[in-house]
Amino acid sequence: MLRAGIVGLPNVGKSTLFNAVVANAKAQAANFPFCTIEPNVGVVAVPDERLQMLTKLSSSEQTVPTRMEFVDIAGLVKGASQGEGLGNQFLSHIREVSAIIHVVRCFDDDDIIHVAGSVDPARDIDVINLELALSDLAQVERRIDRTRKQARTNKEAQIELGALEKLSAALNEGKPARQVTLNEEEAELVQPLNLLTSKPVIYAANVSEEDLATGNEWVEKVRAIATEDNAQVVVVSAQVESELVELAEEERADFLQSLGVEEGGLKSLIRATYQLLGLRTFLTTGPKETRAWTITAGMLAPQAAGVIHSDFERGFIRAETVAYNDLVTTGSMTAAKEKGLVRSEGKEYVVQEGDVMLFRFNV
């Protein structure tokens, strides 16, 4: 299961947001730094309205959404890359995730202490990004020292050294590793380093309840920084999300409507993280179950079948495939077949987002 790590300075709303994300999680949220030491982990369902429609269409006994794992990582502070505030331990937790959700404080509240004494998203983002870059730079430089000796006689080491030197130059200029252009071989050779700044990022601008619908000037500063980094921004109110968790389902829409929004930032954040990781969803449906399955973009039909069971991939014959919209419009698989909308796809078929599939295979 792919993991997204929630990071940021202390007291920016990470644990409050995490609790809301996983609904029943019990991460401690308190008004002091380093409240979270060991990372909290929660599994969340990826929102997908298509599942309810297919469940109804197939009269399925159960509905199973696709899922992601979120990790609440303790607040980082200036000097984390040198071990400040248990920084080395916390940075190691970030290395284990696939993507970073960088929570940025975009609200003012005298009752919640800011570690720097004031709200300044640009400064806060710089602190976190600098610590991640410094940690990466130290790791890259250590690797350069080892690889330089091997590069005298080893061609692969020469290629790796070239990639490392590109990374070192960028990190020294304050640029993240994800902005460095590497060819396929170079990327593969440095991948084991699992660099922090190579991970894709979403900035979660944490606002007050009053600013959820419109944002504020702090959010605009975050957007400007994200644009330079080719990153995405999701506006979310951790406090609102924590309140939504306490409400009955039918009351949530009314509460959000009173705030001027159709849905909370939480669903947007989960969807954005899913897309950020280059994930796609295909669907299966029948009387027993309607289920969403996670694949990576570009995956072929036999590989997608293997996500369900390895036997499906080994014995793959074909995939009976229909686009979700076509299936819903026609009302049933039988009707879709009659209209020629169900296709028989072979081993070279690239699975598309929202494909509804039935796999044929030999045991």
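**Close-up 1. The largest cavity in this predicted model has a volume of about 30 Å³****.** The structure holds one cavity of 30 Å³ or more. Nine names make up the lining: Gly-8, Leu-9, Val-12, His-102, Val-103, Val-104, Arg-105, Asp-124 and Ile-128. Two elements, β5 and α4 (121-150), each put two or more residues into that lining. Strand β5 has the largest share, with four residues. Sorted by class, the lining comes out as five nonpolar, two polar and two charged residues.

**Close-up 2. Strand β1 sits between its partners β4 and β5 in the pairing list****.** Here we look at residues 3-7, which form β1. This strand is mostly covered, with four of its five residues buried. On one count, β1 pairs with β4 (residues 67-72) in the parallel sense, over four bridges. The pairing of β1 with β5 (residues 99-105) is also parallel and also runs over four bridges.

**Close-up 3. The largest pocket holds about 790 Å³ of space****.** Its lining runs to 29 residues. To get your bearings, look for Ala-45, Pro-47, Glu-249, Arg-252 and Lys-267, which lie nearest the pocket's centre. Several elements give two or more residues each: α1 (14-22), β2 (40-45), α2 (50-58), α8 (238-245), α9 (249-259) and α10 (265-276). Helix α9 gives the most, with four residues. What does the lining of the largest pocket look like by class? There are 17 nonpolar residues, plus three polar and nine charged ones.

**Close-up 4. Phe-282, Trp-293, Phe-316 and Phe-359 form an aromatic cluster****.** Ring pairs are what link these four residues together. Searching the whole structure turns up four aromatic pairs. Trp-293 has another neighbour worth a look, Arg-291, which lies over the face of the Trp-293 ring. The distance from Arg-291 to the ring centre is 4.7 Å.

How values were computed
Residues are numbered from 1 along each chain as its sequence is written. This is a predicted model: local features need pLDDT of at least 70, side-chain atom pairs count only at pLDDT 80 or more; totals for chains, interfaces and linings use all residues. Side-chain values use heavy atoms; hydrogens and water are left out. On a 1 Å grid over the protein atoms alone, a cavity is a set of points where a 1.4 Å probe fits but cannot get out, and a pocket is an open set with protein on both sides within 12 Å along at least five of seven lines; lining residues have an atom within 4 Å of a point. Grid points are joined across faces, edges and corners, and a volume is the space filled by probe spheres set on the points. Ala, Val, Leu, Ile, Met, Phe, Trp, Tyr, Cys and Pro count as nonpolar, Asp, Glu, Lys and Arg as charged, and the others, Gly among them, as polar. Rings of Phe, Tyr and Trp (its six-membered ring) pair if their centres lie within 6.5 Å; planes under 30 degrees apart count as stacked, over 60 as edge-to-face and the rest as tilted. A charge sits over a ring if NZ of Lys or CZ of Arg is within 6 Å of the ring centre and within 35 degrees of the ring normal. Buried means under 20% relative accessible area, exposed over 50%, partly exposed in between (1.4 Å probe, protein chains only). Two strands pair if DSSP finds at least two bridges between them.
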